[in-house]
Amino acid sequence: MAAAASVPESLAGVGTTAIGVALIRARETGREDRLYADPFAQAFADAARDAFLDPSAPPGSADTWATVGRLVDVFYEGRSVATRFFDDYLLDAVATGCEQVVILGAGLDTRAFRLAWPKAVDLFEVDLPEMFSFKEEILGTRDAAPACRRVVVPCDLRDDWAAALHGAGFRDGVPTAWLAEGVLGYVPREAARRVLTTAGAMTPAGSRFSCEHIRPDSPGLDGIRKLLGQEQTARPPGGLGPDAPEWLAEQGWEPRFRPHPELTESYGREGGGSPDNGYLTAVRT
Ligand SMILES: C[S@@+](CC[C@H](N)C(=O)[O-])C[C@H]1O[C@@H](n2cnc3c(N)ncnc32)[C@H](O)[C@@H]1O
């Protein structure tokens, strides 16, 4: 299968992490007591598995696939709660006035298709070009029809992503809900913070932002660094940083932190880990 065999190449590096999240969503969707349903997650998972295990795949692909499977076990509970939390965040943001949604590092996110948007909304998915080459091909095989106006914006968040977003039809001055789910940790701190200052300059008061806020020593993060081949490197720290709430407040966002265990309980799940880990939502003031 020529198309499938190209997947490891197009998803090499950080894109592999998006496959892991799709596997988590496929597993959650199969549960009777699921927190959400993602009808496309299994298709992404199947195509990725076929490609990574194809005999013609690049050397090491089968090992990478096994590593992704182990990380899925580690992150399953946390990412399931996170997905549901960010679903609720976006639906509430649109219901209360946001007319645009920007999903930064969208990966294999299918909210454009699977959420019941309360009103017409323009939804922009930003990710690296190679991610969309995989994603759009799979969605095409499923005749997927978005429930909103969906625009993909292939670009790098370390570059001039704002220009790409404007080119894709983003309107400055319109209340917007921004989501950065599982992405800013892969972007060096300075660039990650620039993402937020840029987003703040593009959107008016009442706009929203959300991302996870986790300790750098959280369980499983070492596994991701190993998967990405970074365990030996002193790469610059990424994400908004441990003082993200204070920093956001200084930039004109009113932040609120929701501890992960609190949400785990509210969704009827067990476990929850450290109350220092959780989610930030912020309103542009
Ligand atoms: C862990 S995945 C999360 C994907 C998605 N938000 C989700 O939760 O399913 C991280 C995503 O960030 C994207 N990403 C990482 N660095 C990026 C960058 N510099 N610019 C754009 N996207 C990036 C990857 O391609 C990948 O899709």
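## Contacts and overall make-up

Among contacts in the chain with a separation of 6 or more, 76% join residues 24 or more positions apart; contact here means heavy atoms within 4.5 Å. This is a predicted model, in which local features need pLDDT of at least 70 and side-chain atom pairs count only at pLDDT 80 or more, while totals for chains, interfaces and linings use all residues. Numbering starts from 1 along each chain as its sequence is written, and side-chain values use heavy atoms, with hydrogens and water left out.

The chain has 12 helices and seven strands. These are DSSP runs numbered from the N terminus, with helices being H or I of at least four residues and strands being E of at least two. Of the 285 residues, 53% are buried, where buried means under 20% relative accessible area, exposed means over 50%, and partly exposed is in between (1.4 Å probe, protein chains only). The chain exposes about 12,500 Å², and carbon and sulfur atoms supply 52% of that. Accessible areas come from the Shrake-Rupley method with a 1.4 Å probe, and for residues only the protein chains shown count as cover.

The largest nonpolar core has 49 residues, and the members touching the most others are Phe-44, Leu-90, Val-101, Leu-108, Trp-117 and Phe-134. A core of this kind is a set of buried Ala, Val, Leu, Ile, Met, Phe, Trp, Tyr and Cys residues joined through side-chain atoms within 4.5 Å. At least two residues each come from α3 (15–29), α4 (41–52), α5 (61–95), β1 (100–104), α6 (111–114), α7 and β4 (176–180). Helix α5 gives the most, with 14 residues. Another core, of 32 residues, lies apart from this one and includes Val-183, Leu-240, Ala-244 and Leu-248.

Back to Leu-90: neighbours within four places in sequence aside, Leu-90 is in contact with Val-101, Ile-103, Arg-111, Trp-117, Ala-177 and Leu-179.

## Around the ligand

So what sits around the ligand? There are 19 residues around it, and the closest are Arg-25, Gly-105, Asp-127, Asp-156 and Glu-181; a residue is near a molecule if one of its heavy atoms lies within 4 Å of it. By class, this shell has 10 nonpolar, four polar and five charged residues. The largest share of the shell, four residues, comes from α3.

Gly-105 uses its backbone, with an N or O atom 2.7 Å from a nitrogen atom of the ligand. A nitrogen atom of the ligand is also 2.8 Å from an N or O atom in the side chain of Asp-156. Taken alone, the ligand exposes 590 Å², and the protein buries 97% of that.

Asp-156 sits in the loop between β3 and α8 (161–167). Asp-156 counts as buried because its relative accessible area is 17%. The side chain of Asp-156 makes a polar contact with the side chain of Arg-158 at 2.6 Å. Polar contact means a pair of N or O atoms within 3.5 Å; within protein, one must be able to donate a hydrogen and the other to accept it, and residues adjacent in sequence count only if both atoms are side-chain atoms. Beyond four places in sequence, Asp-156 is in contact with Leu-128 and Trp-161.

Phe-132 belongs to helix α7 and is buried, at 5% relative accessibility. Not counting residues up to four places away, Phe-132 touches Glu-125, Val-126, Asp-127, Glu-137, Val-152, Val-153 and Pro-154.

Is Arg-258 buried or exposed? Arg-258 is buried, since its relative accessible area is 19%. Arg-258 lies in strand β6 (residues 253–259), and its side chain makes a polar contact with that of Glu-262 at 3.0 Å. Setting aside residues up to four places away in sequence, Arg-258 touches Phe-85, Leu-263, Asn-277, Gly-278 and Tyr-279.

Asp-143 is in the loop between α7 (129–141) and β3 (149–154). Asp-143 has a positive phi of about 50 degrees, although it is not a glycine, and counts as exposed at 69% relative accessibility.

Methods
Nonpolar A, V, L, I, M, F, W, Y, C, P; charged D, E, K, R; others polar.
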